[in-house]
Amino acid sequence: MRADGHAPGRSAPDGQDAGELLRRCARDMADVAEDIRAVSARTGSALRAAPLRVSARRRPRTALAARWALLRALTHRQGLGGSAITVPKGVARAFGAGGAPPGRESLAVLVGLASLRLRIAALLLDHPELARDPGMRRLREAVDRGRDPDAVRALRALFRDRGAQRALSGLGPLTAALLDLRALLEEDPGAGRTGRAFVARRGPAAAPPDGIGAARLVAVPRSEGAAEPVDLTDQEKQFIATEGSFLGFLRNIEVLSSNGRILVQNVRGPDGVVRYVVQAPGTAPGRPRNDSPPDYVGAWRELFTTDSSCTRSLLAALKDYGIPRGAELAFVGHGEGGTALLNLAHDAEFCRSYRVTHVVTVGSPAGTRKPADPRTWIAHITNQHDPVPVPDDPDTNPRLDPHPHRYEVAYPGPTREFPLCHMLREYIEHLRTVVPGARERVDEALAAYRGPIVRTRAYQPRDRAHPPEGHPFLTLPTSTSPTTVGPVEVPVRSYDSAVAHLCFPVRADAARGLLPGGTWLTPSRLGRRALAVLSLYEHRCTTIGPYTEIALSVLVDDLWRPRPYDLAVDPLRRSDLRRTGRYVLCLAVTSEEARVVAREIWGQPAMRTTAEADLTGRRIDVRSRDLGLAVTGRLGPGVRCPEADWVLYGRRGESTVRTLVRTHGRPRLHPGTGVRLRLGTAAAEPLAGQLRRLGIHTARPLFVLACPQFLAHRSAGALLPR
């Protein structure tokens, strides 16, 4: 056992840590890939060199042979592989628009792909829970293809797909590796002359402020970061600190982190001087950030640039706040917000305008650069199990920095699983109970900022270069509904979800027996049979956080005037005019917020459970040990069908609650022969009992309506007097 009480990672045959060996090999291969890319660039430059072109006209026999040798070395399958970056324009046109031979990837890309495989393997050794993360699953599916060129094409699709980037945004530990590989996949870095900024590879002495690794020729689309002042809600004002303290500033960040808002406060210190505290949040896995800057959305491709839209949004907020020149500032940030604040502390021009006295980051990469002002006091607090701030290369360990005003604490926290070990609320609890000495040390350093807060202003970062997430489908008016877990925006919006609806024909009397009393709820019939639906959802990014949902429902007729053919006619109507719907008999979700919203807003009998779902491919795999339920199988051939909008019914007191669900995706209808539902003998009620009473606990579905990626919004429940 280690000193922290945890078992060590798997050991290699010679006794060394297997994870460290894999990471070392990955770093070596990444360096090799970058060196190969540099050789390709030099070879391409030699091929385009003017003296060689002149020599080709004067001595065509020898010069053309030399050019042909260079071209073969650059493009041959057994050579450098042929990169669009280095092939001359005429040759690139001969190879097509991509600039490389069809179906072939450069040697640098293939070596970079091998490095990524090694990094993923090392990460999963230390954090096996990441194997369940949808972003990690997509990555593993992309890189574990049988042929490397297929994997590279799949990765290119992931980098282009904004929905995939949302799923990948939780993979902070792999950010450096993804940036490295994306740099190798860039097809035209010359576009930097037309508005794309680049970060060149730097050595340890000039490492970027991320502390994870060196960024290599990363092309970053420039965006116009901005920040707009926003009002705090009455409930949020109750939790905002009124006295300056380290934990108070962190709690402020936690309150505003769901929307990625920046907070600026005036603090009157013990000496009567007014100083300013800037507080910046990190990314929240599984939550959208609307039209905030991409790095606040979790677009890791901009994380390592000092001139990112996130940093520019901070500058815009400070300018709007009206901080006088020469004022004293303290920065407090979590995760990527801490990285952006470090960018400002490293900016000499900014530090000539303001006196940055302190920078305190929690769960942020430390970096190796010194602040522009040598008097700035910097503190880094990290959980050793949090892979986001841990340097990937021990040679760039910031603890070796001789900067005299640096304070660092790396403690073995009790929280090991990612992303829980990276979340701010866990750090706040650890500072209270595990490392109270670190909290006291930071409070001592921030003594000048321990006083009454005289002004508070929140800012919403904006990115004018990008539309809001989900635009135009999810850009709709919202309102706030109170719940026992706090205010919730409705409609509840899902930015990245997957679903499989398993449809079973069941006895009409069995379905009727599970519906609540009253004659207004009658099962819809297909002939003599009713239709039950077991819905499996994998919500990867929603406004109430990520969660898995398992719902059992029965199709019901119109509550007032049921008609025999409504079930066949309703799909032709607009979703808000439909008369039929699905009455939710039982609902199981994996988050407390989703359970409360389902019960209090939608009137559905929700319970919290544990479940794992994988619905991103052609194979369905959903398991819940608590429910004793498993749904597995492979989807057969399917046909496209219209959008699967639904009307859901629930009960609240003596009223029926009607909820409208609008979706946008590419659903397909599959036969259900390849999918099987398994129910354990000790399966938990009430879901297990309802499945058995309907007779579908051993049956195969008649058909499956599946959609591996879709957008959705669920309205607030409307009360009906029935």
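A residue is called buried here when its relative accessible area is under 20%, exposed when over 50%, and partly exposed in between (1.4 Å probe, protein chains only). Keep that scale at hand for the stops below.

**Before you start**

The model is predicted, so local features need pLDDT of at least 70 and side-chain atom pairs count only at pLDDT 80 or more, whereas totals for chains, interfaces and linings use all residues. Residues are numbered from 1 along each chain as its sequence is written, and side-chain values use heavy atoms, with hydrogens and water left out.

**The whole chain**

Start with a cartoon view. The secondary structure comes to 21 helices and 28 strands; helices (H or I, at least four residues) and strands (E, at least two) are DSSP runs, numbered from the N terminus. Of the 722 residues, 56% count as buried. Take a contact to mean heavy atoms within 4.5 Å. Among contacts in the chain with a separation of 6 or more, 72% are between residues 24 or more positions apart.

**Stop 1: Leu 344**

Select Leu 344, which you will find in helix α14 (residues 336-345). Its relative accessible area is 1%, so Leu 344 is buried. Now show its surroundings. Leaving out residues up to four places away in sequence, Leu 344 touches Thr 311, Leu 314, Leu 315, Leu 318, Phe 331, Phe 350 and Cys 351. Pick Thr 311 from that list: Leu 344 and Thr 311 are 33 residues apart in sequence, with 7.2 Å between their C-alpha atoms.

**Stop 2: salt bridges**

The structure holds 21 salt bridges, each being a side-chain nitrogen of Lys or Arg within 4 Å of a carboxyl oxygen of Asp or Glu.

- Select Arg 275 and Asp 271, whose closest N and O atoms are 2.8 Å apart in a salt bridge. Arg 275 has 6% relative accessibility and therefore counts as buried, while Asp 271 is partly exposed, at 49%.
- Move to Arg 507 and Asp 509, where the closest N and O atoms of the salt bridge are 3.3 Å apart. Arg 507 counts as partly exposed at 43% relative accessibility, and Asp 509 counts as exposed at 54%.
- Then take Glu 592 and Arg 608, joined by a salt bridge of 4.0 Å, N to O. Glu 592 lies in helix α20 (residues 592-600) and Arg 608 in strand β18, so this pair ties together parts that are 16 residues apart in sequence. At 30% relative accessibility, Glu 592 is partly exposed.

**Stop 3: Thr 609**

Is Thr 609 buried or exposed? With 8% relative accessibility, Thr 609 counts as buried. Its side chain makes a polar contact of 3.5 Å with that of Asp 626. The term covers a pair of N or O atoms within 3.5 Å; within protein, one must be able to donate a hydrogen and the other to accept it, and residues adjacent in sequence count only if both atoms are side-chain atoms. Residues up to four places away aside, Thr 609 touches Ala 588, Val 589, Thr 590, Ser 624, Asp 626 and Leu 627.

**Stop 4: α16 against α17**

Select residues 424-433 (helix α16) and 436-445 (helix α17), which pack at an angle of about 95 degrees with their axes 5 Å apart. Axes are lines fitted to C-alpha atoms, for helices over the stretch in contact, and angles run from 0 to 180 degrees between N-to-C directions. The two helices are therefore roughly perpendicular to each other, the label for 65 to 115 degrees. Show side chains for Leu 431, Arg 432 and Thr 433 of α16 and for Pro 436, Ala 438 and Arg 439 of α17, which make the contact.

**Stop 5: two cis prolines**

Zoom in on the backbone from His 471 to Pro 472, where the peptide bond is cis, with omega near 5 degrees. Pro 472 sits in the loop between β10 (453-463) and β11 (479-481). Next, look from Val 490 to Pro 491 for a cis bond with omega near 0 degrees; Pro 491 is in the loop between β12 (488-490) and β13 (492-507).

**Last stop: α21**

Finish at helix α21 (residues 687-694), where six of the eight residues are buried. The buried ones are Leu 687, Ala 688, Gly 689, Gln 690, Leu 691 and Leu 694. Step on to Gly 695, which follows α21 and has a positive phi, near 75 degrees.

Conventions. Parallel < 35°, antiparallel > 145°, perpendicular 65-115°, else oblique.
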